[in-house]
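Subject: Structure handover, backbone notes

Hi,

Here is the structure for your files. Please load it before reading on.

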Amino acid sequence: MPELPEVEAARRAVEEHCLGKKIKKAIIANDTKVIDSVSASDFEAALLGKTIISAHRKGKNLWLHLDSPPFPSFQFGMSGAIYIKGVAVTKYKRSAVNDTDEWPSKYSKFFIELDDGLELSFTDKRRFAKVRLLKDPAAVSPISELGPDALLEPMTVNEFTESLSKKKIAIKALLLDQSYIAGIGNWIADEVLYQARIHPLQSSASMSKENCATLHKCIKEVIEKAIEVGADSSQFPKNWIFHSREKKSGAFVDGKKIDFINAGGRTTAYVPELQKISGNQAAKVAAEPRKKTSKRKSGGNDDTDELSNEEEKIVETDQLKKGPKPRGRGKKPPMKRKSDDSDDDMAGDDNSDDDEVQKKTMKKTTTKQAKAEKASKKKVSSSQNSKKPKKAK
């Protein structure tokens, strides 16, 4: 999904090509799932005749400042993208609209034509984005609830280290939390952790000062490098895990095998040989008896996930401090979904509860069958006894 570099590339393209120009035409899609809390006709009327003064971004959100409110804002979701006709904005593959496609694209949700003939469109193939019309986008949700922007408002290394020391959550999950740092999504989190050689399930509070400083440096470097090439992933450094993270099976980076686990509710790529649990957490892992990974969970691969499963168990224990699961057929609580970060990389296909229910059902069925057979035998026996001739006295 689009993350900070992709959205920043869009902001810079708008800033370079659209500022000072007046909107002479607007077409807003009649799609209430994407166009939030305003009708298409009212949205269009609010844009016509307005001049674009500036373009702003925080995290994965972009908004246009016009010469008077209200202002259009864009939460990119899973596949949102800004396109300016004739301008190479970004080549984010999931959002790409081919040159041969109709213009504006059938996926366009927001389209404007400027007074010099330039045309801009916000598209969203998968319809998880949100386009809003707001008087002050930065003052209301979701932008008002974001943490410091990873590019514009970075913590100092000391602030970062101190903040991590107070967080017992796994580092990958923390980096995905937009209220902690805004703009880091799944691929950036995987990349910075790989570059820093930190395991995604390492407890944040257990990280050494050296690891905190290295991670702080890698966040800055990865984001700046991605922005430097206009979020064109084909130009990302060859030694980035990004290029292999979606292969899922048989993936390698610099000759090292990539494994995939669930961290922070997301499918996570990491290199076990380089990214190891450290500190007290490592001692806990070593003390735990290893359990062989089932083929159903590992996808039939080898047992390289074995250690990571134990690590995840320990982190979850540290985070949640839960007691033993209650027995019985209680309903499984619904999984919470974070806004904007939920995408097709979501993992967690755990069918253990379903298996348990199935076993109980089979047991009950077997018991019922046994009772039915027993009752049937009694009935037959009783019938046979009634048919026997009585003995003469």
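Predicted model: local features only at pLDDT ≥ 70, side-chain atom pairs only at ≥ 80, totals over all residues.

Numbering starts from 1 along each chain as its sequence is written, and side-chain values use heavy atoms, with hydrogens and water left out.

Secondary structure comes from DSSP runs: helices are H or I of at least four residues, strands are E of at least two, and both are numbered from the N terminus.

Cis peptide bonds
- P69 and P70 are joined by a cis peptide bond, with omega about 5°. P70 sits in the loop between β3 (61-66) and β4 (71-75).
- W103 to P104 is also a cis peptide bond. Its omega is near -5°. P104 is in the loop that runs between β5 (80-84) and β6 (108-114).

- R197 has phi near 60°, a positive value in a residue other than glycine. Its place is the loop between α5 (186-196) and α6 (209-228). R197 is partly exposed, at 36% relative accessible area.
- A231 also has a positive phi, near 60°, and is not glycine. This residue lies in the loop between α6 and β9 (252-253). A231 is buried, with a relative accessible area of 1%.

On the exposure terms: buried is under 20% relative accessible area, exposed is over 50%, and partly exposed is in between (1.4 Å probe, protein chains only).

Best regards
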